[in-house]
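Please look over the model shown here.

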Amino acid sequence: MRSKKLSTILLTSTLMMALAATPVSQVIVHADDQVATSTSSASSTQTHTLNKSYVVYGAGAADKDELSNILGVNNDFTTLTATASDYQKYINANDSTTNAAMVSSVSIVPTDPGSGVKVNIKKFNGQSNITKVTAQQYAMVAQMAGVTDVTITVSANRPVSGESALTGVYKALSEDGINLNNQNTQSANQMLSATNDAIDANKNDSSYPGKLMAAVGDTTKQINKQKRQGEQPTQVQIENILNQNLKKQNIYNETKNHTTTIINALVQFNNAPISSSKDYSSHVTDTINNVKNSTGNMMNKAKQFLNSKDGKAAQQQAQSWWDRFVNWIQGFFNVSVRFS
């Protein structure tokens, strides 16, 4: 009888342990394990992710302690600084920017393979200080440059356009041992500028940036598929593909007067090595899915929660509950043994 009762208790305890372990396992992210597959395949392609997390402060950024809190930084992050020379290296070699102008700061966290690029733009002390670039632009442009499977968080301690934030992303990948192709980054940077006018003209539609960048992403995907089939799309074909994708997103009429610069950026993408990369289509699909239905500047709210005070408190509470449960099980069996 005692044996049967003990077997029932053991079975119940096992089920409770399995159920209890589920939310805890969802909270813990084993970034190094998840990145391994993507990183190994990236060595022969043009698309890369990170092996660890980074925070890159602009050389002109102030209030770094507050920025650190906003960007969700902890002791696991490697800290870097984005300087004017970095901007000239990765964004515009002919620009005369200064360190004081480098204000945008970013944190970059590796995520699950297949998650694409997600971007959160966070307010600083309640102020929206990234005034020009949208989360959807950052996400698709980073993907076009060869970055994937990361969550990027952007903020600034004073109002800035936000165009220099990509410098920090590129510098983090360089620090991680990845040599991003210059043609890839330059075509991506051009797309960032090329989409600004269309987004500004439709600034009253919060869904527009996601739809536009999804159309751009779909166009780059189709270019990639043609290139891998041995074809070389012409500028006219690229324009037709873009127009079809704008119509698919129901934003052709809103965009048709702003497509010249976007087409030019797509032509430059067509000439960059990443346009022929064997894994670009699959990775850009992940990012297209992230941007096309997103509105506003928070594309990865789950990550935001885990980095928030409430999220950390929930993790601690779950761990505390688990510890108490284990102690109860141990105590129960100690009592059972004493009475046996």
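This is a predicted model: local features need pLDDT of at least 70, side-chain atom pairs count only at pLDDT 80 or more; totals for chains, interfaces and linings use all residues.

Residues are numbered from 1 along each chain as its sequence is written, and side-chain values use heavy atoms, without hydrogens and water.

**Strand S1.** Helices (H or I, at least four residues) and strands (E, at least two) are DSSP runs, numbered from the N terminus. Buried means under 20% relative accessible area (1.4 Å probe, protein chains only). Five of the five residues of S1 (residues 54–58) are buried, so S1 is largely enclosed by the rest of the structure. Tyr54, Val56 and Gly58 cover one side, Val55 and Tyr57 the other. In a regular strand, side chains alternate between the two faces of the sheet.

Two strands pair if DSSP finds at least two bridges between them.

| Partner of S1 | Sense | Bridges |
|---|---|---|
| S2 (residues 78–82) | parallel | five |
| S3 (residues 105–110) | antiparallel | three |

Gly58 has Ala82 as its bridge partner in S2. Val55 stands opposite Ser107 in S3.

**Asp86.** Asp86 lies in helix H4 (residues 84–90). Asp86 is buried, with a relative accessible area of 10%. Thr167 is 81 residues away from Asp86 in sequence, yet 6.6 Å away in space, C-alpha to C-alpha.

**Lys122.** Lys122 sits in the loop between strand S4 (117–121) and helix H5 (135–145). The side chain of Lys122 reaches the backbone oxygen of Ile70 at 3.2 Å, a polar contact being N or O atoms within 3.5 Å, one able to donate a hydrogen and the other to accept it, with residues adjacent in sequence counting only if both atoms are side-chain atoms.

Notes. Buried means under 20% relative accessible area, exposed over 50%, partly exposed in between (1.4 Å probe, protein chains only).
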